[in-house]
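Me: I would like to go through this structure by asking what stands behind each label. Please set every value against its definition before you conclude.

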Amino acid sequence: MKKNRGFTIVELLVVIAILGTLIALLLPAVHAAREAGRRLQCANNLRQIGIALLAYHEAYEKFPYGSTYVAQTTGYPTWAVQILPQLDQGAVFDAYNPDQAVRSAANQVVANTRLNVFICPSDPQSRSPILSDRADGNNPPSSMGLWYPACMGPTQPDMCFFCPDPNPSPTNWCCQGCNWGTSGIDQIGSLQSMMNCSTHERGNSVGMFGRFIRAFSSADVKDGLSNTIMAGETLPGDCQWNGVFCPNFPVASTTIPINTFISDGGQPGTLDPKSGFSWSKTSGYKSLHPAGCNFVLGDGSVHFFNETIDYRLYNELGTRDGGEASSPPL
């Protein structure tokens, strides 16, 4: 009689160990492939936004204004809301009532509409994109988050305090963008005269957008559309003033270095001796893609900027009329 022989315990353990090793080797490749897909989807989102902004310009001979911040509480609150028809979101646009404040109950349902084109899938927050902790002021209590703020270039989001010195550099970037006058040491040439501390309704942004009701056209982008940032990535969970329907920060500044991972921690108005007003630190361009962010330029092209990009070049690409001969890195 011939007996059937099964696996011994030792053999089973060896097989399990081999399978575990193979899985361990494959998991990083799987994660990398998934992230590559998410980054591609993110780039496609920005490409759609860029095309929509250019379509808006073709229709109205100007880009949308950045936001209604400070100036008024009615109207369309942000540039992102204004281009909804160009993003095939006409129904959402029509549901918004510009005669009512964005904080009104009449507009709250619309503000809580999920809009996938404004979401970066690499951020775990993307699974819950309706952010219910938006800071008050002009913003709705909750809003669809905005992973792709428009660019106001090297314009300081607000005044920055506790700066170590007025010399512009990546190490003391909270001072970047302030108008230091003739007493300040000019380390970045023509950019110095283009910078301002405030971005209120006076219309003093040096980028393609600002925090006010003033719209720029392609004729205002004298540095060239292919050399000027139009929008890029951020993490809206880090800044409680951010949102598609939030007029406070639908924009970001290049004065904050790429991938500066600072969060307001639920305290948007805190004045910290180390960081100054939190929104001056939390509203920069950043992403959870490895080592950088996607950006869309004024011609609609999408580029990935490494977080090690030269700081001067990064700010030069943020200005629409700085007079620099700067091109985006390949």
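Predicted model: local features only at pLDDT ≥ 70, side-chain atom pairs only at ≥ 80, totals over all residues.

Me: What makes up the secondary structure of the protein chain?
Reply: There are 7 helices and 9 strands, where helices (H or I, at least four residues) and strands (E, at least two) are DSSP runs numbered from the N terminus.

Me: Why is Asn-107 called buried?
Reply: Asn-107 has a relative accessible area of 0%, and the limit is under 20%, so Asn-107 counts as buried. Asn-107 lies in helix H4, and a polar atom of its side chain is 3.2 Å from the backbone oxygen of Ala-101; for a polar contact, a pair of N or O atoms must be within 3.5 Å, and within protein one must be able to donate a hydrogen and the other to accept it, residues adjacent in sequence counting only if both atoms are side-chain atoms.

Me: Which residues does Asn-107 contact, leaving aside its neighbours within four places in sequence?
Reply: With contact meaning heavy atoms within 4.5 Å, the partners of Asn-107 beyond those neighbours are Ala-95, Tyr-96, Asn-97, Gln-100, Ala-101 and Val-102.

Me: What makes a set of residues a nonpolar core, and which members of the largest one touch the most others?
Reply: A nonpolar core is a set of buried Ala, Val, Leu, Ile, Met, Phe, Trp, Tyr and Cys residues joined through side-chain atoms within 4.5 Å. The largest has 46 residues, of which Trp-79, Phe-118, Phe-209, Val-244 and Phe-245 touch the most other members. Among the elements that each supply at least two residues of this core are helix H1 (9-60), helix H2 (79-82) and strand E4 (229-232), and the largest share, 7 residues, comes from H1. A second, separate core of 13 residues includes Leu-297, Phe-305, Ile-309 and Tyr-314.

Me: How do you know that helix H7 is largely enclosed by the rest of the structure?
Reply: Of the 8 residues of helix H7 (residues 311-318), 7 are buried, so the helix is largely enclosed by the rest of the structure. Those buried residues are Tyr-311, Leu-313, Tyr-314, Asn-315, Glu-316, Leu-317 and Gly-318.

Me: What makes Arg-312 and Glu-316 a salt bridge?
Reply: The definition asks for a side-chain nitrogen of Lys or Arg within 4 Å of a carboxyl oxygen of Asp or Glu, and the side chains of Arg-312 and Glu-316 meet at 2.8 Å, N to O. Both residues lie in helix H7, 4 residues apart, about one turn of the helix. Arg-312, at 37% relative accessibility, counts as partly exposed, whereas Glu-316, at 10%, counts as buried.

Me: How many salt bridges are found in the whole structure, and which parts does the one between Asp-238 and Lys-286 tie together?
Reply: The search finds 2 salt bridges. In the bridge between Asp-238 and Lys-286, the closest N and O atoms are 3.0 Å apart. Asp-238 lies in the loop between E4 and E5 and Lys-286 in the loop between helix H6 (279-282) and strand E8 (292-297), so the pair ties together parts that are 48 residues apart in sequence. Both Asp-238 and Lys-286 are buried.

Me: Why is Leu-87 called buried, and where is Leu-87 found?
Reply: The relative accessible area of Leu-87 is 9%, against a limit of under 20%, so Leu-87 is buried. Leu-87 is found in the loop between H2 and H3; leaving aside neighbours within four places in sequence, Leu-87 is in contact with Gln-48, Ile-49, Ala-52, Val-117 and Phe-118.

Terms used. Residues numbered from 1 in each chain as written. Heavy atoms only, no water. Buried < 20%, exposed > 50% of the residue type's maximum accessible area, 1.4 Å probe, protein only.
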